[in-house]
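The entries follow the order in which I looked things up.

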Amino acid sequence: MHAQRGRFSAVCGVTFGLAMISVVCVTAPAAAQQPDGSGTCVDDAMIVFDASGSMSGNQAPGIANAPPRIDEVRSALAKVLPSATQYRRVGLVTYGPGPAEQCNVKLNFPPAQNATSRIMDTVNEMVPAGDTPLTAAVQEAANALDFRRRRGVIVVVTDGEETCGGTPCQLAEDLRAVAEGLTIHVIASRYHSFSWRGANHAAELGCLAEESGGIYVKANSEDELIEALRETLDCPRLAKSLNAPMR
């Protein structure tokens, strides 16, 4: 049972006693804030999923038979999405797979309800390939969110930097100038794999997040990926309040 009043939403349950019936409600903000304070837990979201050729590399470089990085991201998503998609519509943009050594970007689908299965079915079938058109992929995700008129969240999960001539920081500045409440979070998966290229690449990714009020997170294990996804995509505060035992 749901009730809404003002800025608050109440989720109610019914308990039965010997002589009475009680209605018990747990109240949570209708626009519950993300843990980082930006946006809300119910804004539409787009995941930008890196499936470029580098995602086929080992999670632990130098260790034979280590699983590919893409498997680690898949596993983390599978653990977080069932909760996150309860509260918001989520869509998917992928980049990488397609013609070899090209900058392939695909809008798989715009924000949709109960999208866990659609997202996981898509990313589980992907074979890493291609370059890293990160800037174009973020622009595609922003378009899918109708960013000029609506609030939205983009969560980028990547193991490398832009390699297709785009400028992530400039895109973030351009979007900020015209976007209505667009927040971009960047999760650098296995960031040590590309840190040797210099600080400028990490700075570009950080700028993409900072310019939109998002966060830049380095994740070097599956546990760190899960934590980062929960912080940026899920709504742990709202989930905790709605799942609290009724008294």
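**Entry: strand E7.** I looked up which way the side chains of E7 point: Gly 152, Ile 154, Val 156 and Thr 158 go one way, and Val 153, Val 155 and Val 157 the other way. All of these are buried (under 20% relative accessible area, with exposed over 50% and partly exposed in between; 1.4 Å probe, protein chains only). E7 is thus recorded as mostly covered, with 7 of its 7 residues buried. Element labels are DSSP runs numbered from the N terminus, helices being H or I of at least four residues and strands E of at least two.

**Entry: basis.** The model is predicted, and I kept to its limits: local features need pLDDT of at least 70, side-chain atom pairs count only at pLDDT 80 or more, and totals for chains, interfaces and linings use all residues. Residues are numbered from 1 along each chain as its sequence is written, and side-chain values use heavy atoms, leaving out hydrogens and water.

**Entry: sheet.** I traced the strand order of an open sheet of 6 strands as E6-E5-E4-E7-E8-E9, with mixed pairing (two strands pair if DSSP finds at least two bridges between them). E6 and E9 are the edge strands, each pairing on one side only. E7 pairs with E8 (residues 182-189) in the parallel sense over 7 bridges, and with E4 in the parallel sense over 5 bridges. On the E8 side, Val 156 stands opposite Val 186, and Gly 152 has Leu 182 as its bridge partner.

**Entry: core.** I found that the largest nonpolar core has 33 residues (buried Ala, Val, Leu, Ile, Met, Phe, Trp, Tyr and Cys joined through side-chain atoms within 4.5 Å). The residues with the most contacts inside this core include Ile 47, Phe 49 and Leu 77. Helix H1 (69-84) and helix H2 (116-125) are among the elements that give two or more residues to this core, and H1 supplies the largest share, 7 residues. Apart from this core lies another, of 22 residues, Val 156 and Val 48 among them.

**Entry: H1 against H2.** I noted that the axes of H1 and H2 come within 10 Å and cross at roughly 175° (lines fitted to C-alpha atoms, for helices over the stretch in contact; angles run from 0 to 180 degrees between N-to-C directions). H1 and H2 are therefore roughly antiparallel (over 145 degrees; under 35 is roughly parallel, 65 to 115 roughly perpendicular, the rest oblique).
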